[in-house]
Amino acid sequence: MTSERSGGCQCGAVRFRVWGQLGHASVCHCRMCQKAFGGFYAPLVSVREADSVEWTRGERAIFRSSNAVSRGFCSACGTPLTYEAPDGMAIAIGAFDDPSGIVPIVAYGVEGKLPYADAVPGLPERKTEEDFAALEFLASIVTFQHPDHDTETWPPEGGLSKE
Ligand SMILES: [Zn+2]
Ligand SMILES: [Zn+2]
């Protein structure tokens with residue numbers, strides 16, 4: 001069984017495709033991953049065992065975060081894309097067009113875990129449209145985010161407009 005998954009950065013300048021099986025999916029709480037993602041932790045899935053990884057549009061920019069590890073990102077919009085170590089590469093789970101089935105099974109770097117990270121899943125929940133004061137603002141929003149599928153040309157000819 002071969003599977004194929006696409007993804008990319010928020011602006012669409014960098015797109016990728018992975019053929020074959022994904023490896024371990026994880027979150028990493030270490031301080032370097034917090035910085036690299038601007039988040040509480042980094043959600044990453046190994047593509048070490050994948051048949052191939054192709055950059056189908058653009059190229060990721062690279063920051064060497066240590067002598068051993070590089071971090072790939074989009075230089076146009078800043079989306080974190082990869083963690084690249086001598087033993088293989090992992091891709092940011094949220095960058096996939098459909099991240100819903102890529103389930104983390106282990107948490108690394110927990111010595112760096114922020115004191116409130118475990119409380120996040122229990123926070124009171126609100127849907128975006130529950131904020132009535134913001135409805136008019138929300139209705140006026142035109143997204144410039146690349147859609148969750150590959151596109152022939154991007155940005156679209158004629159520019160981005162509200163659908
Ligand atoms: Zn981008
Ligand atoms: Zn880490």
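1. UniProt, in an unreviewed entry, places the feature "domain: CENP-V/GFA" at residues 5–106; UniProt positions are given in the numbering used here, feature names are shortened, and annotations may be inferred rather than shown by experiment.

2. Please keep in mind that this is a predicted model, in which local features need pLDDT of at least 70 and side-chain atom pairs count only at pLDDT 80 or more, while totals for chains, interfaces and linings use all residues. Residues are numbered from 1 along each chain as its sequence is written, and chains are lettered from A and ligands numbered from 1 in the order in which they are written.

3. The protein as a whole contains two helices and ten strands, and along the sequence these follow the pattern β-β-β-α-β-β-β-β-β-β-β-α. The C-alpha trace spans about 50 × 40 × 35 Å along its principal axes. Of the 163 residues, 24% count as buried, where a residue is buried if 20 or more other C-beta atoms lie within 10 Å of its own, exposed if 12 or fewer, and partly exposed in between, with C-beta atoms placed from the backbone.

4. One open sheet is formed by seven strands in the order 6-7-8-9-4-3-10, with mixed pairing; two strands pair if DSSP finds at least two bridges between them. Its edge strands are strand 6 (61–64) and strand 10 (106–108), each of which pairs on one side only. From one strand to the next the twist averages 30 degrees, the axes being lines fitted to C-alpha atoms (for helices over the stretch in contact) and the angles running from 0 to 180 degrees between N-to-C directions.

5. Two pairings within this sheet can be followed residue by residue. Strand 6 is joined by four bridges to strand 7 (residues 70–73), and the two run antiparallel; I62 has G72 in strand 7 as its bridge partner, and five residues lie between the two strands of this hairpin. Strand 8 and strand 9 also pair in the antiparallel sense, over four bridges, and Y83 stands opposite A90 in strand 9.

6. An open sheet of three strands has the order 1-2-5 and antiparallel pairing, with strand 1 and strand 5 (52–57) as the edge strands, each pairing on one side only. Its twist averages 20 degrees from one strand to the next. Strand 1 (residues 4–8) and strand 2 run antiparallel and are joined by five bridges, with S6 opposite R17 in strand 2. These two strands form a hairpin with six residues between them, and G12 in the turn has a positive phi of about 90 degrees.

7. Which residues have the most contacts inside the largest nonpolar core? They are A42, L44, V45, L81 and I91, in a core of 25 residues; a nonpolar core is a set of buried Ala, Val, Leu, Ile, Met, Phe, Trp, Tyr and Cys residues joined through C-beta atoms within 7 Å. Two or more residues each come from strand 2 (15–19), strand 3 (25–28), helix 1 (31–37), strand 4 (42–46), strand 8 (80–85) and strand 9 (88–92). Residues up to four places away in sequence aside, I91 touches L44, V45, V47, L81 and T82, two residues being in contact if their C-beta atoms, placed from the backbone, lie within 7 Å.

8. H29 is found in the loop between strand 3 and helix 1. Why is H29 partly exposed? H29 is given this description because 18 other C-beta atoms lie within 10 Å. Apart from neighbours within four places in sequence, H29 is in contact with Y41, A107, Y108, G109, V110, G112, K113 and A117.

9. A last point concerns the peptide bond from W154 to P155, which is cis, with omega near -5 degrees; P155 lies in the segment after helix 2 (135–139). Most residues other than glycine have a negative phi, and most peptide bonds are trans.
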